[in-house]
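Open the model in your viewer and keep the selection panel at hand. Each stop below gives something to select, then what is there.

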Amino acid sequence: MRNKLLFLIVIQNLITLNLYAGRLHGTIFDAADRSTLPTASVYVEGRIDAGTEADDNGKYSLNLADGKYTICCEFLGYQKQTVEVKVKGNTTLNFAMETSTEQLGEVVVKANSSREVLEAPQMSVARLEVKDLKRMPAIFGEQDVIKSLQLMPGVKAESDASGGFQVRGGEASQNLVTLDGATINNAGHLLGFFPAFNPDILRDVTLYKGAMPAQYGGRTSSVLDINTISGDYEKFGGDAAIGLLASKFDLKGPIVKDKLTYYVSARRSYADLFLKATEDLKNTTLYFYDINAKISYKIGNRDYMFLSFFNSKDNFGMKDLGKILWGNTVGTGKWWHQFNNQTDLSSTLFYSRYHSVMGMDISEISIDYNGKNAQLSLNEDLRWKPDSCHTLHMGWQSSYYDVVSSDWTNNGIREKEERYGLENALWVNDEWKITKRLSASYGLRFDIFSVLGGSPYYDIDLTTGDIINTHNYASGDVVENYCNWEPRLSANYKLNQHQSVKASYSRSSQNVHTIKESITSMPVDRNTLTSNYLKPETADQFSVGYAATIANEKKNQDDAYSIETEIYYKKMGNVTDYREGLQNETYTESDRLLVQGEGRSYGWEINIKKNHGKLTGWISYTLSKTESQIDQLNEGRWYLANSDRRHSINIVAMYSLSKHWDVSAAWTFNSGQAFSLPTAKYEVNGQTVYYYANKNNYRTPNYHRLDLSATRHGKQHPHWQGEWAFGLFNAYGRYNPFMINLKEDKESLTGTKAQQISLFSFVPSVTYRIKF
Amino acid sequence: MFDMNTKFINIILGLATLLTLGSCKKTLELDYDTVPRKLVIEGSVSNEEIKVFVTRTSNMTDTLDKTPVTTAQIEITGSDGYDEFLEAGEDGYYYSPKQAIGKAGVTYTLKLTENDTVCTAQSTMPNPIELDSAVFSWLPIMSDIEIRICNIYWKDPADESNYYLLNLYRNGELFKSNINDDSGMTGEVANMMLSIMSRNEWEDAEKKKKAGDDKIKEDIIYNGDTLVFDVRAIDLPTYLYYNSMSYNESSAINPTSNIKGDGCLGVFSAYYSSKRNMIYRGE
């Protein structure tokens, strides 16, 4: 019996080997600029089990038995290609994709294509094609990736004055934002009024709201993976835009044709130039700028590398009064090497530094508050596709952190807390097509964070926050190690051609903690690292979901409408908040300020989309609740987290009026944000003091807003094309709550009044762009 | 004091106004929770007197009730052997029957009993200080804006960390209050700056007053107003109380009180006070 079984296994393997003797592989690239198209889909027509996605470098590989096939290649914003091919052994087939003007007119922001939604094992993913982003309503005529993502279910804006976003009850600082693989901290201009990332140089944007592949880690809420274009290997080009407050240009072109290309992109606001013309504000500094540059080099068929640089700065100041500035400096080098058609290795080295300065210089008072969050990382990711059913990622990342939580100079006296940490992570992840209907992405990440010496560490009294003992460790000494095993699993079962069900579980951890100044993130928020006192934050998330497409046979549309719905439950460990009575500046020592506990977030999301026709768009709804429990706060009772929003609705509509005109509208509704309202008042030293018996016991009024935009595409000239973009942010002028203050009011009977402060009424904008 | 949160919020509001059609403020009607009223203690042992004032918290929808609670039993003891029960005076304050005063370096303990409520607090009186001078000046901050500032100076006791509370009274009413510590100043002259008012608003208010307008603006110091500067050397727990009190509303936090016991709020402070009076003459 045993021999029979062995025989059967050998025969089966021989058959399998014979079946997959052939391999089809190649590169998918933009026919115009020859930039590669990662995540483009390649599949055998009519065979749902025989398909794959292009990798980060636009390369794909498909195991097929020798024979004739009809191969399809699809990518959002490009015309679908169908090619007849005869596969014999190793066969190369490249796709030069033409942009689809028709499709561009129809699709604006589109999460995964319907095919991906139904078949990809990874759930809770929103992928944004930047080509499709460009007609979203936008403030100041600039399209904003982050604001567009905030129209997806489960993703919300922190406030009107923040570039931060919250995913499924997480904080903005719990999102990992990467630009070409490098971590970016607190990006955003003019307090989030202006987009952090220049949309013209972005290639694709992927947001993992829940289970993320094991390659990603270091944050507990989500991963926002942003990649920029390579440049243009074929011809020189670019565009320029002039807006009311800022202008920009992008240039790209070949240095060595089809080998070496570059792009450089820069933006600067010029409100300060107008201010200089006014007598009152001529000594005011107010500007931001950012620069992106990248050089990409195709070394051969099997090697590719790029060097990229990102620098941004926001600077506001008034002479003889004060200043606030912040910025990012990021340098990244990446080398991709393909060993064979099954195996490749991506090596990424980056340095990312965020810094903020806030100063005041009045009369005899001179104060400077500095902060820094720097990271140097090396990441190795080996991808191996042993057969058409498995795609494995194995790798490690080593990151060195240098975080200044406080560097305060107060009238010449300097206090500083600078801490260091080393984080090493190993992972393995497999994307497995188990059967024709069932697929899964599963993996394990092992994270070890070493708290490093070189700065004092303290034993802290848990109740009072007082320092009991101080420990001084030599630079480089390991103070403590924290290990986290992080399993990741996401599975998809396709019920039929139009429906699938999904389930996922993931665990993640975070060792960079942000000490938020108020309910919205600020550029001057302090950052600190896990220490002997502060433990790593963790999150365990479970999700189940259902996805379906509805065909319109009359119009021959397979996915005229699509529906996605998910339920999630997230359990959070070592949730961090301020100790009672303390705030950002009470102590230099960050550990003294903070207490930790647990949290939970759960919710239901649904999104219904219309995918084709002149009118496209979607309606999404999220019902959710997020709470925290920390022994030292709120008498140990659970309280609503600041990020809690009960209901959230987004309605997005895009309409192609004519060849020249596109219009769009987006309406957003969010339940009010939880905040603490006093329950009593009293007087001490002649001043009114409020007593807060319950934390976050109240909600601000609801937030809702309508944004409109219209784009007029000018005539296509031989070498250039112009475009006018008109926008109206908050079209019906709703005064949404930004903050609520309590004021003494001697005229009222109670002596107290609550005042809501709103930032915006409606904001019109106009921008002229020229593309060459 | 430098309230970073408030300053930053102001910058945001300024930006919003500059960049858009303007920010907006409106009054909200809120439905406040209510809780049982708590005792509020404001106790002091100073180089001038021992004085405790006890009230109760008020609901948010009521007027601030300052009716004194005069039925409490209050005992003050000192690490130097001082021990006395205070007696309620006609003005509702509790005073030392022996008219005792505090001594520098002595740790005082307050014990309050009122029905079932028992609260205790401790505070140590710092070393003496002496207020030296208060200097007013106009500070130009933009081309046509000038701010009246007042720098107050006193001698800072050497070789120790010191913490201060400054109260400026205008015609008997508290006008401004501020705290600081002596980092960088030990053994030299300590200084605190108060921002008073803008020149435009002051000139406008003076004009109206001369024109016979009786309405006194609360945020203006007029020529002829009587000012009292009261600098108090306080201990660290009291400093932390006032520090957190300054963020009470903006950060929605309860001040870190040195009073222990359920049902009691407030602060107990042993402090050394130095005062100066002046009649304001602006120009």
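Strands here are DSSP runs of E, at least two residues long, while helices are runs of H or I of at least four, both numbered from the N terminus. Two strands count as paired if DSSP finds at least two bridges between them.

A note before moving on. This is a predicted model, where local features need pLDDT of at least 70, side-chain atom pairs count only at pLDDT 80 or more, and totals for chains, interfaces and linings use all residues. Residues are numbered from 1 along each chain as its sequence is written, chains are lettered from A and ligands numbered from 1 in the order in which they are written, and side-chain values use heavy atoms, without hydrogens and water.

Stay on the chain A part of the sheet. E46(A) pairs with E47 (residues 752-758) of chain A over six bridges, in the antiparallel sense. Select A:Ile740 and look across: A:Gln756 in E47(A) stands opposite.

Next, select residues 237-242 of chain A. This is strand E16, joined by six bridges to the antiparallel strand E17 (residues 246-256) of chain A. Three residues lie between E16(A) and E17(A), and the two strands form a hairpin. To see them face each other, pick A:Ala241, which stands opposite A:Lys248 in E17(A).

Which strand pairs with E16(A) over four bridges? Select residues 763-771 of chain A: this is E48, and its pairing with E16(A) is antiparallel. Here A:Ala240 stands opposite A:Ile770 in E48(A).

Now go to the cysteines. Counting cysteine sulfur pairs within 2.5 Å as disulfides, there is one over all chains. Select B:Cys119 and B:Cys264, whose sulfurs are 1.7 Å apart. The link spans distant parts of the chain: B:Cys119 is in E10 (residues 117-124) of chain B and B:Cys264 is in E18 (residues 264-279) of chain B, 145 residues apart. The S-S torsion is about 60 degrees, so this disulfide is right-handed.

Colour by accessibility. Buried means under 20% relative accessible area, exposed over 50%, and partly exposed in between (1.4 Å probe, protein chains only). B:Cys119 is buried at 0%. B:Cys264 is also buried, at 7%.

A:Cys72 is buried, at 0% relative accessible area.

Finally, zoom out to all of chain A. It has seven helices and 48 strands. Along the principal axes, its C-alpha atoms fill a box of roughly 90 × 70 × 50 Å. Of its 772 residues, 61% count as buried. Among contacts (heavy atoms within 4.5 Å) in chain A with a separation of 6 or more, 64% come from residues 24 or more positions apart.
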